[in-house]
Amino acid sequence: MPEVPEVPTVPAVPEPPPGAGPSPPANGWVDSHVHLLPPRLAARVRAVFDAHLPGLLAYPTDPQVALDDLAAVGIGQVWVLPYAHAPGVADWLVPATAEHLAELRAERQDLELILAATLHPDDGDPVGLVDRAVDDYGARALKLHCAVGSFAADDPRLEPVWQRCAERRLPVVIHAGKHDSGVAAAADVAELDRVATRHPDLPLIVAHAGHPAVAATLDLLHRHPGVYADLTPVVTRTPTLGDEDLRRFADRLLFGSDTPNTGHRVGQLLSFLTSRDLTEAVTTAILGGTARRLLAAVR
Ligand SMILES: [Zn+2]
């Protein structure tokens with residue numbers, strides 16, 4: 001079942017005027033959390049959002065609208081994250097997403113679209129799914145969604161997956177939590193603590209910075225150098241990290257928008273960062289340096 005966010009309370013911020021904030025590098029900023037799903041699945045996910053949160057999302061499911069916006073604000077690379085809610089789904093979802101991305105790439109060269117693998121702990125050969133996604137379909141990350149798949153992050157069946165991802169330095173974007181609304185609790189983040197302790201070489205990215213359990217996520221970053229977090233909103237609720245947190249962990253934080261299932265347009269999300277009192281080095285790391293460094297290490 002797709003994630004169904006809680007009703008948001010944080011108002012939108014205005015989009016920055018053109019030219020505000022630091023300029024993107026030649027290869028652009030990176031949005032490391034986007035869901036460009038195959039069209040029929042995208043429509044099904046959208047129907048769930050429309051039933052629970054009508055009118056709140058900033059983009060239609062037509063991928064070109066979101067891609068136009070991403071490119072317009074200086075995004076150059078997009079991580080596309082499919083997620084399996086049940087065993088057997090990854091078998092068709094990863095190839096179908098790869099095919100969808102191949103079609104999109106043929107239409108536009110202004111964005112580098114990065115495929116992520118996905119799987120469910122009940123899959124028969126989850127390590128094989130990782131290897132095939134990387135070796136046959138070019139995946140450069142793995143997305144796991146504990147809430148929609150109804151599993152714990154420290155599910156013992158995932159142990160061989162963590163080992164393989166650590167060996168391959170494959171970044172794992174994991175949405176911890178048990179709630180359809182997309183929120184995480186400190187106990188959910190604690191499951192990631194156990195994983196990170198057993199697998200120090202695993203690049204583990206806490207999706208949505210564990211919102212609203214951001215303090216637990218920051219504690220995780222503090223204690224595990226291999227743990228990262230993305231700043232993706234849960235619809236309109238952006239994870240609440242202070243300037244000091246952003247400075248301290250800039251090389252382990254990633255920008256993410258959740259387009260097209262997001263309540264803010266990408267320009268608004270960028271302005272949450274660029275309007276802060278941060279050095280260009282910090283902003284540049286969060287808006288792409290961290291993500292590109294992670295991908296360069298994949299083997
Ligand atoms: Zn997401």
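Biologist: What covers the buried residues of H2?

Modeller: The cover includes S1, S2, helix H3 (89-107) and helix H10 (266-274), where helices (H or I, at least four residues) and strands (E, at least two) are DSSP runs numbered from the N terminus. This is a predicted model, in which local features need pLDDT of at least 70 and side-chain atom pairs count only at pLDDT 80 or more, while totals for chains, interfaces and linings use all residues. Residues are numbered from 1 along each chain as its sequence is written.

Biologist: And which residues of H2 are the buried ones?

Modeller: In helix H2 (residues 63-72) they are Pro63, Ala66, Leu67 and Leu70, with buried meaning that 20 or more other C-beta atoms lie within 10 Å of the residue's own, all placed from the backbone. Seen down the axis of H2, these buried residues fall within an arc of 100°, so they line one face of the helix; the arc is that of the directions from the helix axis to the C-beta atoms. Just after H2, glycine 74 takes a positive phi of about 100°.

Biologist: Tell me about S6: which strands does it pair with, and over how many bridges?

Modeller: Strand S5 (residues 142-145) is joined to S6 by 4 bridges, in parallel, and leucine 144 stands opposite isoleucine 174 there. S6 also pairs with strand S7 (residues 204-206), again in the parallel sense, over 3 bridges, and here valine 172 is opposite leucine 204. Within strand S6 (residues 172-175), Val172 and Ile174 point one way while Val173 and His175 point the other way, and all are buried.

Biologist: What does the chain pass through on its way from S7 to S8?

Modeller: The chain goes from S7 through helix H8 (residues 214-223) to S8 in a right-handed β-α-β crossover, meaning that, with the strands pointing away from the viewer, the path from the first strand over the helix to the second runs clockwise. Right-handed β-α-β units are also made by S6, helix H7 (residues 186-198) and S7, and by S8, helix H9 (residues 243-248) and S9.

Biologist: Last topic, the largest nonpolar core: which of its residues touch the most other members?

Modeller: Val80 and Ile174 do, out of 92 residues in that core, a nonpolar core being a set of buried Ala, Val, Leu, Ile, Met, Phe, Trp, Tyr and Cys residues joined through C-beta atoms within 7 Å. Helix H11 (residues 280-296) gives the most to this core, with 6 residues.

Biologist: Which residues is valine 80 in contact with, leaving aside its neighbours within four places in sequence?

Modeller: Valine 80 is in contact (C-beta atoms, placed from the backbone, within 7 Å) with Val34, Leu36, Thr97, Leu101, Leu113, Ile114, Leu115 and Ala116.

Note on methods:
Buried ≥ 20, exposed ≤ 12 C-beta atoms within 10 Å, placed from the backbone. Contact = placed C-beta atoms within 7 Å. Pairing = 2+ DSSP bridges.
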